[in-house]
Amino acid sequence: MPLSVVSGRLAPIAAAAMLAVALAGCTASNSLVTQRTQGYEIPESALAQIRPGQSQDLVRTVLGTPPLTNEFGGQTAWYYVETKLNTTAFGLNTIRSRTVLAVYFDERGRVRERAVYGLEDGVVINMETRRTPSFGEDRTFIQSILGSIGL
């Protein structure tokens, strides 16, 4: 039998097999989106243990070392941030929720108060995109190299 006849008969079967493999990835509705947590996971049981008057050592024992700290005027704040994301198979991340646990300490290193903030408490800040003009020329990297050797 000539090769063209065999390949002509197998072409629809091969196309159907490739289509079946391609559609197999779409069978589950959540197969393209995964959920993950980024940062510190704040357990409710640990949150309930943090009360005013406790020492920094006790807070560190319960929550762990804080990823973010701030000191101002003798007072200290520790921040634990939890971000829950949906990640698509194409690399697109969308934030489902963000929780920030802030533990504020007084001058003696004792818990003054704790606060839990969510996405609704945040403020969106627009980044400034304007450039301040500089004196001289704006040159690319290649132009700078060529200019330094006299070309």
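**View 1. Accessible surface and overall make-up of the protein chain.** The accessible surface of the protein chain in this predicted model comes to about 11,700 Å² (Shrake-Rupley method, 1.4 Å probe), and 59% of that surface belongs to carbon and sulfur atoms. Of the 151 residues, 19% count as buried (under 20% relative accessible area, 1.4 Å probe, protein chains only). Four helices and five strands are present (DSSP runs of H or I with at least four residues, and of E with at least two, numbered from the N terminus). Their order from the N terminus is α-β-α-α-β-β-β-β-α. The model is predicted, with pLDDT of at least 70 needed for local features and 80 or more for side-chain atom pairs, whereas totals for chains, interfaces and linings use all residues. Residues are numbered from 1 along each chain as its sequence is written, and side-chain values use heavy atoms, with hydrogens and water left out.

View 2. Strands β4 (93–105) and β5 (111–118) pair in the antiparallel sense over seven bridges (pairing requires at least two DSSP bridges between two strands). A102 has A115 of β5 as its bridge partner. Five residues lie between the strands of this hairpin, where G109 takes a positive phi near 80 degrees.

**View 3. D106 in the loop between β4 and β5.** D106 lies in this loop and is buried, with a relative accessible area of 16%. Its side chain reaches the backbone nitrogen of R108 at 3.0 Å. Beyond its neighbours within four places in sequence, D106 is in contact with G74, Q75 and R112 (heavy atoms within 4.5 Å).

**View 4. The largest nonpolar core.** This core has 12 residues, among them I42, L47, I50, W78, F105 and V111 (a set of buried Ala, Val, Leu, Ile, Met, Phe, Trp, Tyr and Cys residues joined through side-chain atoms within 4.5 Å). Helices α2 (44–49) and α3 (56–63) and strands β3 (75–88) and β4 each supply at least two of its residues; β4 gives the most, with three. Leaving out residues up to four places away in sequence, I50 touches V59, V62, L63, V103, V111 and R114.

**View 5. The aromatic pair of Y40 and Y80.** Two aromatic pairs are found in the whole structure (ring centres within 6.5 Å, using the six-membered ring of Trp; planes under 30 degrees apart are stacked, over 60 edge-to-face, the rest tilted). Y40 and Y80 form a tilted pair, 5.0 Å centre to centre with 50 degrees between the planes. The pair links Y40, in the loop between β1 (33–39) and α2, to Y80 in strand β3, 40 residues apart. Y80 counts as buried, at 0% relative accessibility.

Terms used
Buried means under 20% relative accessible area, exposed over 50%, partly exposed in between (1.4 Å probe, protein chains only). A polar contact is a pair of N or O atoms within 3.5 Å; within protein, one must be able to donate a hydrogen and the other to accept it, and residues adjacent in sequence count only if both atoms are side-chain atoms.
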